[in-house]
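I opened this entry to work through one model from the overall make-up down to single residues. My notes follow in the order in which I looked things up.

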Amino acid sequence: MFCPVNVPLSVEVVKASPEKPYLMMTMKIDLKMVASIVPHIPKTIAKNQPKSTAFLQWQMEENLLAQFERLIDLLKTPEDIDFLAPLIQQQIYYVLLKSDQGQKLRELVQVGSHTNRIAQTALWIEQHLSEPLRVDDLAKQAGISVSGFHSHFKK
């Protein structure tokens, strides 16, 4: 699942056993790294991707699964983690950016896009939870009209 903002998550594992264990992994998105990879995505792929919605579920394609397995396998050689983990993360982002839903990840790092503005506003809210919040002020900070802010934030 890909979510451009932090949201509370609750998971219930309904079926797992020693023979068929349940494995869950989260990876915080390094936006600077993603932005540095975007220019390397072939233009033909970027043009053919459909518009996306806020929350996405990627199919765990073989190539993507292999990259995550490589990342997990680094636990066997901790001395390699500092050097190799960022390289594997780059490969994961590259695979995601090339996928059918890669447009949403690109929008997240594209300065000025609605997704980027809403993500920045959500981050600001997270950092200022103890302060009073007014939707008008948030919309102004995001540079979006109040009605547009409501629409995009709900998406």
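I began with contacts, which I take as heavy atoms within 4.5 Å. Among contacts in the protein between residues at least 6 apart in sequence, I found that 68% join residues at least 24 apart.

I note that this is a predicted model, in which local features need pLDDT of at least 70 and side-chain atom pairs count only at pLDDT 80 or more, while totals for chains, interfaces and linings use all residues. Residues are numbered from 1 along each chain as its sequence is written, and side-chain values use heavy atoms, with hydrogens and water left out.

**Confidence.** I looked up pLDDT, the predictor's confidence in each residue on a scale from 0 to 100, and the protein averages 82, with 86% of the residues scoring at least 70. Confidence is lowest in helix α2 (residues 43-47), at a mean of 69, and highest in helix α4 (residues 81-98), at 94. I keep in mind that where pLDDT is low, the predicted coordinates should not be read in detail.

**Make-up.** With helices (H or I, at least four residues) and strands (E, at least two) taken as DSSP runs numbered from the N terminus, I list 8 helices and 0 strands. For burial I used relative accessible area (buried under 20%, exposed over 50%, partly exposed in between, with a 1.4 Å probe and protein chains only), and 32% of the 155 residues count as buried.

**Helices α4 and α5.** I then asked at what angle the axes of α4 and helix α5 (residues 102-109) cross. They cross at roughly 115° and come within 6 Å, the axes being lines fitted to C-alpha atoms over the stretch in contact, with angles from 0 to 180 degrees between N-to-C directions. Angles of 65 to 115 degrees count as roughly perpendicular (under 35 is roughly parallel, over 145 roughly antiparallel, the rest oblique), so α4 is roughly perpendicular to α5. Where the two meet, Tyr93, Leu96 and Leu97 in α4 face Gly102, Leu105 and Arg106 in α5 as contacts.

**Glutamine 90.** I found this residue in helix α4, and glutamine 90 counts as partly exposed because its relative accessibility is 34%. Glutamine 90 touches Met33 and Ile37, residues up to four places away in sequence not being counted. Its C-alpha atom is separated by 9.4 Å from that of aspartate 30, 60 residues apart along the chain.

**Glutamate 61.** With a relative accessible area of 43%, glutamate 61 is partly exposed. Glutamate 61 and valine 95 are 34 residues apart in sequence, and I noted 9.5 Å between their C-alpha atoms.
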